[in-house]
Amino acid sequence: MVYSCSMTAIPTFPKLYSDDVSLVVVLLDTNPYFWSSKSNTSSLPFSNFLSHFLSFLNSILLLNQLNQIVVIATGYNSCHYIYDSSSSLVASSTENGKMPALCRTLLEKLEEFVVKDEQLSKDSAISSIGSSLLSGSLSMALCYIRRIFGSGSLHPQPRILCLHGSPDGPEQYVAIMNSIFSAQRSMIPIDSCVIGAQHSAFLQQASFITGGVYLKPQLLDGIFQYLSTVFATDVQSRNFLQLPKPVGVDFRASCFCHKNTIDMGYICSVCLSIFCKHHDKCSTCGSAFRQAQSNATSTDRKRKAA
């Protein structure tokens, strides 16, 4: 299932925090089909990746005691909040000399989520890796930020970080683009760290449109260095840093009829739906289209020959 919500522009509240205080909403790709597949060319086990990930979260909290972190697990069938640093249940850093509260709470919630997410896909046959619910987690992140900003005038600078490895899901194109434009209107940058074998066209567009940073690390064994040096910096400090810039952005869209990525297609002039072939009627808004030019020309020729 894909989570959806009504997206509106976030109103401007007077900032009482300094510009270096951040609210980082991290979307963690937990798709088991990706992490267990041969397409995960990094040869980095999920357990090792989590150790780098937890160190990165701790580094953000150490940069400023007012920083906030929210982690949303992005699975194959569902997505869910698994950590919130502002919660009173995880406010203390340690308890009785045991594992830090961040690691313990996050790992427990993550294990519960992965088990439930795998149970939802037992009855379905998966022939390929399959895409994660990126559209759902993006909607949840924007809803969380909207709720935080609506609760009062004291708020940090928000941004979204996508740690993604699964391939793009063309069927999620519309929902993802709606989330991207909502983040753009609300001035929320979407950072992207792609850990899969291929680039993500969706995340390239998300980072480009919202002013975020897109990065595909070459050596995932040093993923903590990439995360801490590129994505741990606040939005204001980025103006003084030379951050990586994408060489090219794939702006191709997915058609609404077959969910395929296309270079050229037909666009409805009413609702801007995209189709790979000519249709007599728009399946989205119901608008009637003219007859294709090639068909009209051939019909005129037949009439003249007759």
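Here is a tour of some helix pairs and a pocket. This is a predicted model, where local features need pLDDT of at least 70 and side-chain atom pairs count only at pLDDT 80 or more, while totals for chains, interfaces and linings use all residues. Residues are numbered from 1 along each chain as its sequence is written, and side-chain values use heavy atoms, with hydrogens and water left out.

**Stop 1: α4 and α5**

Select residues 134-150, helix α4, and then residues 173-185, helix α5. (Helices are DSSP runs of H or I with at least four residues, strands are runs of E with at least two, and both are numbered from the N terminus.) The axes of α4 and α5 are 9 Å apart, at an angle of about 25°. (Axes are lines fitted to C-alpha atoms, for helices over the stretch in contact, and angles run from 0 to 180 degrees between N-to-C directions.) That makes α4 and α5 roughly parallel to each other, a label for angles under 35 degrees. Now show the side chains: Leu 134, Ser 135, Leu 138, Ser 139 and Leu 142 of α4 touch Ala 175, Ile 176, Ser 179, Ser 182 and Ala 183 of α5. Contact here means heavy atoms within 4.5 Å.

**Stop 2: α5 and α6**

On the α5 side, look for residues including Tyr 173, Ile 176 and Phe 181; on the α6 side, Phe 202 and Ile 209 are among them.

**Stop 3: the second largest pocket**

Next, select Pro 167, Asp 168, Gln 198, His 199 and Ser 200, the closest to the centre of the second largest pocket among its 22 lining residues. (A pocket is an open set of points on a 1 Å grid over the protein atoms alone, where a 1.4 Å probe fits, with protein on both sides within 12 Å along at least five of seven lines; lining residues have an atom within 4 Å of a point.) Helix α6 turns up again here, giving the largest share of the lining, 3 residues.

**Stop 4: α2 and α7**

Finally, pick α2 (residues 46-63) and α7 (residues 223-231), whose axes come within 9 Å and cross at roughly 25°. Therefore α2 and α7 are roughly parallel to each other. Phe 49, His 52, Ser 55, Phe 56 and Ser 59 in α2 meet Ile 223, Phe 224, Leu 227, Ser 228 and Phe 231 in α7.

Key:
Angles under 35 degrees count as roughly parallel, over 145 as roughly antiparallel, 65 to 115 as roughly perpendicular and the rest as oblique.
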